[in-house]
Amino acid sequence: MTNYQSIIEPIDTSASSISSTPAISVFSDIGPCLDEQRPLLTNSTQDSSICNEEDICFEEPSATIASASINLSNTILGTGMLAMPAALASVGLIPGIFIIMYAALTSGLGLYFLARCADKVGGRNASFSSLSKLTWPKLGIFFDLAIAIKCFGVAVSYLIIMGDLMPQVIRSFFHNAESNELLMDRRFWITLCIFTAVGPLSFLRKLDSLKYTSLIALFAVAYLVIIVIYHFITPNFPPPPPESIEYFHLTTKIFGQLPVFIFAFTCHQNIFSVYNELEDNSEKSIIKVIFGSIGSATFIYELVAIIGYLSFGKDVLGNIILEYPQSYFVAYGRLAIVILVIFSYPLQAHPCRASIDKIIDHIQHKSAAATTTTSVSVVFSYKRFMIVTLSIVIASYFVAISISQLDLVLSFVGSTGSTTISFILPGLFYFKLHDGWHWKRICALFLVAYGFMVMSVCLTFNIQRLL
């Protein structure tokens, strides 16, 4: 196997906006904790870092297959789970079941291709950045744009969920609160969250303090599954009329909902952290991690989608948790999801900020190259860090208060950013870095073609929905 590490190291950082070397990260002036190479969540509270002679710290690979599978599962299971029953309702019960499995299969294939390409980089420095240098350095700005769009869209979906759930939580705990228009206004809660929680957390220089939110994520997912199952089996909540359950319902709506299925399995931005942190990152170990995380997520998605659809029929809302009646049992589940999305927002703002900063670097390097032949190094400043972060928070706020349809946001994110990093980039990277014609390389080409097809068709359909 060819090792490309020697190719990456001598490349001048001014040649491209994307860098694979942690020491020259645009966030290095603030500290190594903001480096895009560092994992956002660590598996241990113990300091397992090692430092070289230049005082540049790297995490020792100590993750196990179990811990890596849990972390990747936490990345997958999120807002997509809430919209899954509505996505299944748009195509019918039987096709929906198979589409979920197909989305899981193609997502797992993309994860596998990225992991195999990471092996070409050598060492523990795999990232979208390093693969971009090995393949198409000049297209790095578009790769960064795709990652930024995806992360920004997920951040917006978190604010929408929080705004939808908080009025219902307040109504459950305070029965007279319904008469207060301010407390029932979703825009009030989104605004309050921006100023008191989401905003301040997004400016954190070190995100290691959020590593314990994985436990909250597991609790919220488990609690939601219990709510869905309980309301399905209890006799107090009768099922919908038989005519509202459609086993086949294939219409043009499938093009609007297909990206929701794709979005639900998108975790590809974290596969390189898994590869770099695994103590044994062999192909066999990576396959076990992918199979464990994708398999468990598929089971939960199928469970929530089928039971949620059978409970409410074809008119199920785009956010399943909004369907259930007011009670303390449901209110605590909604509150758990609110807490989950509040602490998850900074984990999307961080890679979004890093990608936007690389795009700015690319533009400034290009402008500098047009005016001088001297090598120019764009130094990241604290001021730019503040401006980019503030721009992300403000932009996501205005989008969230303007749009209340969660499935619509997930459709746009799924058909653009998620499609790019789940299908197009994995296929392109694998095809470029591997020689010969074999079934894996053919599958890589299929993944690229499939990604472009989904992006063009589904994005066009969703734009028409708005017109």
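What share of the 467 residues in the protein chain is buried? Buried residues make up 55% of them, and the legends below go through some of the places where that shows. Keep in mind that this is a predicted model.

**Figure 1**
Of its 467 residues, 55% are buried. Take the contacts between residues at least 6 apart in sequence: 84% of these join residues at least 24 apart. Don't go looking for disulfides, as the structure holds zero of them.

**Figure 1. Helix α4, residues 93–121, along its run.**
Helix α4 has 29 residues, which should span 42 Å at 1.5 Å a residue, and its end C-alpha atoms sit 43 Å apart, in agreement with that. Of those 29 residues, 22 are buried, so the rest of the structure largely encloses α4. C117 is buried, with a relative accessible area of 0%. Just after the helix comes G122, with a positive phi of about 90°.

**Figure 2. Where α4 crosses α9.**
The two axes come within 10 Å and cross at roughly 45°. That angle makes α4 oblique to α9. As for handedness, the crossing is right-handed. On the α4 side the meeting residues are G96, I99, I100 and A103, and on the α9 side they are I254, L258 and F261. A helix has 3.6 residues a turn, so residues three or four places apart point the same way.

**Figure 3. H268, in the loop between α9 and α10.**
Here's a loop residue that is tucked away: H268 sits between α9 (254–264) and α10 (271–277), and at 0% relative accessibility it counts as buried. What does H268 touch, leaving aside its neighbours within four places in sequence? Its contacts are S107, G110, L111, L114, F128, I421 and S422. Look at S422 in particular: H268 and S422 are 154 residues apart in sequence, yet their C-alpha atoms are 6.1 Å apart in space.

**Figure 4. Helix α13, residues 382–402, and its buried residues.**
With 21 residues, helix α13 reaches 31 Å from its first C-alpha to its last, close to the 30 Å expected at 1.5 Å a residue. Which residues of α13 are buried? They are R384, F385, V388, T389, I392, V393, S396, Y397 and A400.

**Figure 5. Helices α6 and α13 where they pack.**
Helix α6 (residues 140–173) packs against α13 at an angle of about 55°, with the axes 9 Å apart. The two helices are therefore oblique to each other, and their crossing is right-handed. From α6 come F152, V156, L159 and I160. They meet I392, A395, S396, Y397, V399 and A400 in α13.

Is Y397 buried or exposed? At 18% relative accessibility Y397 counts as buried, because the cut-off is under 20%. Leaving aside neighbours within four places in sequence, Y397 is in contact with L159, I190, T191 and I194. Y397 and L159 are 238 residues apart in sequence, but 7.4 Å apart in space, C-alpha to C-alpha.

**Figure 6. S285 in helix α11.**
S285 belongs to α11, which covers residues 283–312. The side of the story to notice here is burial: S285 has a relative accessible area of 5%, so it is buried. Setting aside neighbours within four places in sequence, its contacts are I65 and D280.

**Figure 7. Helices α14 and α15 as a packed pair.**
Helix α14 takes in residues 406–433 and helix α15 takes in residues 439–466. They pack at an angle of about 160°, with their axes 8 Å apart. That makes α14 roughly antiparallel to α15. The crossing of this pair is left-handed.

**Figure 8. Two cysteines, C117 and C193.**
C117 has a relative accessible area of 0% and is buried. C193 also counts as buried, at 6% relative accessibility. Neither cysteine is in a disulfide, since the structure holds zero disulfides, which would need a pair of cysteine sulfur atoms within 2.5 Å.

How values were computed:
Residues are numbered from 1 along each chain as its sequence is written. This is a predicted model: local features need pLDDT of at least 70, side-chain atom pairs count only at pLDDT 80 or more; totals for chains, interfaces and linings use all residues. Side-chain values use heavy atoms; hydrogens and water are left out. Buried means under 20% relative accessible area, exposed over 50%, partly exposed in between (1.4 Å probe, protein chains only). Helices (H or I, at least four residues) and strands (E, at least two) are DSSP runs, numbered from the N terminus. The expected span of a helix is 1.5 Å times one less than its number of residues. Contact means heavy atoms within 4.5 Å. Axes are lines fitted to C-alpha atoms, for helices over the stretch in contact, and angles run from 0 to 180 degrees between N-to-C directions. Angles under 35 degrees count as roughly parallel, over 145 as roughly antiparallel, 65 to 115 as roughly perpendicular and the rest as oblique. A crossing is left-handed if the near helix is turned anticlockwise from the far one by less than a right angle, and right-handed if clockwise.
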